[in-house]
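Thanks, everyone. Please bring up the structure on your screens, and I will talk you through it.

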Protein chains: 2
Amino acid sequence: MTQKLVVALPKGRILNEAMPLLRRAGIEPEPAFDDPASRLLRFTTNIPGLEIVRVRSFDVATFVAFGAAQMGIAGNDVLMEFQYPEIYAPLDLGIGRCHMAVAEPAALRAEDDPGRWSHIRVATKYPGITRRHFAARGVQAECIHLNGAMELAPSLGLCRRIVDLVSSGETLRANGLVEVERIAEVTSRLIVNRAAAKTRPAHLAGWIDRFQGALDAAAIA
Amino acid sequence: MTQKLVVALPKGRILNEAMPLLRRAGIEPEPAFDDPASRLLRFTTNIPGLEIVRVRSFDVATFVAFGAAQMGIAGNDVLMEFQYPEIYAPLDLGIGRCHMAVAEPAALRAEDDPGRWSHIRVATKYPGITRRHFAARGVQAECIHLNGAMELAPSLGLCRRIVDLVSSGETLRANGLVEVERIAEVTSRLIVNRAAAKTRPAHLAGWIDRFQGALDAAAIA
């Protein structure tokens, strides 16, 4: 019997790191998947009943949380932001490695003491994480939600601080910003819808094992 | 005296329609602006003190609302979603023309009567507009916020209805969806930060006039 399984993958940078793992786990998408001109969002694979949807990184978590996809790949930045109880993340795939940090203009940093903040304004794509991070030490963070280009905010006078993902640090440097504190290490995880894992335990556990095997093989290679 | 003026432009499709208008209004960005490999987000122009930032369409409104940019170009979909009181939109630029609609699977449409809805679940990038649209006639809309790929939601069982922008209708058709009702006509507007318009009325009014002139010239051409 063929059981339908929808796997949600994030568009963009992470996808290039995720595909070798998927292929090692035995999943080969239809040729249109690699066609840069294709506007398709949903793809069949070599596995009967297994389909891939390619969506924005934040939407991967939403599709899996609501059971529209049973499995997916999402960064723990996204998982921390949403905190969906319907998602569990059995495997750290070790890809998409970066970290989340608070940054501010280098000129400000010298005279600034984060220990004395009581109310700050922050531009970020992660208002949930930001509020909780600061609330934990009694600092009220007023978040201005941006979808991108956070690093422009301080020089344009929107706010002094941002919370953003940092990889090489090049974007911060290019915008005259320095890290003030690190909030979390970020990698991508294999995520699974809890209800699906309960109703089809053998099927989902089988796929988690195949991804674990793909990770082990990658570590040896 | 040179007065600083930051103009926020949306990345993507609308930008190609907006640039001829900007150039007719006398604004020519530095060459890096047209370099597809450039990762810059902020650009000088031929006008001293006038800079362009290139950000996501939703962020254009946020930058202008908070006064980080004094002027921008944004669709009324974005303006309706946020309803920022700090923004006013003096000119309809007539570009980025599309409409916002409720859609559902064609198979469902035949037997569905929107007049009898009382509670519906909707996938959308516009939860604010969607909730208000339905609340106005006593329908409670539970919104699942997605950043894209709304058209996948019905076939994956996330929900039956979506609220999305529709241009040619090709995406809806390709996903077996049909329009149920139209929520709003959408075009892009020149938007201005109210505080900036109050403190520098002549400067901002001068630029609005230049855009009006560019529109008139485009209409004649």
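First, the ground rules. This is a predicted model: local features need pLDDT of at least 70, side-chain atom pairs count only at pLDDT 80 or more, and totals for chains, interfaces and linings use all residues. Residues are numbered from 1 along each chain as its sequence is written, while chains are lettered from A and ligands numbered from 1 in the order in which they are written.

Chain A, then. Its C-alpha trace spans about 65 × 35 × 35 Å along the principal axes. It holds eight helices and 11 strands. Those are DSSP runs, numbered from the N terminus: helices are H or I with at least four residues, strands are E with at least two. Of the 221 residues of chain A, 40% count as buried. Buried means that 20 or more other C-beta atoms, placed from the backbone, lie within 10 Å of the residue's own. Now contacts: two residues touch if their C-beta atoms, placed from the backbone, lie within 7 Å. Take contacts in chain A between residues at least 6 apart in sequence: 65% of them join residues at least 24 apart.

How is chain A divided? There is domain 1, 5-96 + 187-220, and domain 2, 98-185. The bounds come from an automatic or database domain assignment. The C-alpha centres of the two domains of chain A lie 30 Å apart. Five residues of domain 1 of chain A are in contact with eight residues of domain 2 of chain A. On the domain 1 side, that is one nonpolar, two polar and two charged residues. For the classes, Ala, Val, Leu, Ile, Met, Phe, Trp, Tyr, Cys and Pro are nonpolar, Asp, Glu, Lys and Arg are charged, and the others, Gly among them, are polar.

Next, strand E1 of chain A, residues 5-10. Six of its six residues are buried, so E1(A) is largely enclosed by the rest of the structure.

Which strands does E1(A) pair with? Pairing takes at least two DSSP bridges between two strands. One partner is E3(A), residues 50-55, parallel over six bridges. There, A:Ala8 has A:Val53 as its bridge partner. Another is E4(A), residues 71-75, also parallel, with two bridges. In E4(A), A:Met71 is the bridge partner of A:Val7.

Now a five-stranded sheet of chain A. It is open, its order is E8-E7-E9-E6-E10, and the pairing is mixed. Neighbouring strands are turned by 30 degrees against each other on average, direction ignored. Inside the sheet, E6(A), residues 98-105, runs antiparallel to E10(A), joined by eight bridges. A:Ala101 stands opposite A:Arg182 in E10(A). Helix H5 of chain A, residues 127-135, packs on this sheet and touches E6, E7 (119-124), E8, E9 (161-166) and E10 of chain A. The direction of H5(A) makes about 170 degrees with that of E8(A). Axes are lines fitted to C-alpha atoms, for helices over the stretch in contact, and angles run from 0 to 180 degrees between N-to-C directions.

In chain B, look at E6(B), residues 98-105. Five bridges join it to E9(B), residues 161-166, and the two run antiparallel. B:Met100 stands opposite B:Leu165 in E9(B).

Finally, the pair. The same surface serves both copies: 100% of the contact residues of chain B recur in chain A.

How many residues meet? 23 residues of chain B are in contact with 23 residues of chain A. On the chain B side, strand E3 (50-55) and helix H2 (57-65) each supply at least two residues. H2(B) gives the most, with four. By class, that side has 16 nonpolar, four polar and three charged residues.

Technical notes:
A residue is buried if 20 or more other C-beta atoms lie within 10 Å of its own, exposed if 12 or fewer, and partly exposed in between; C-beta atoms are placed from the backbone.
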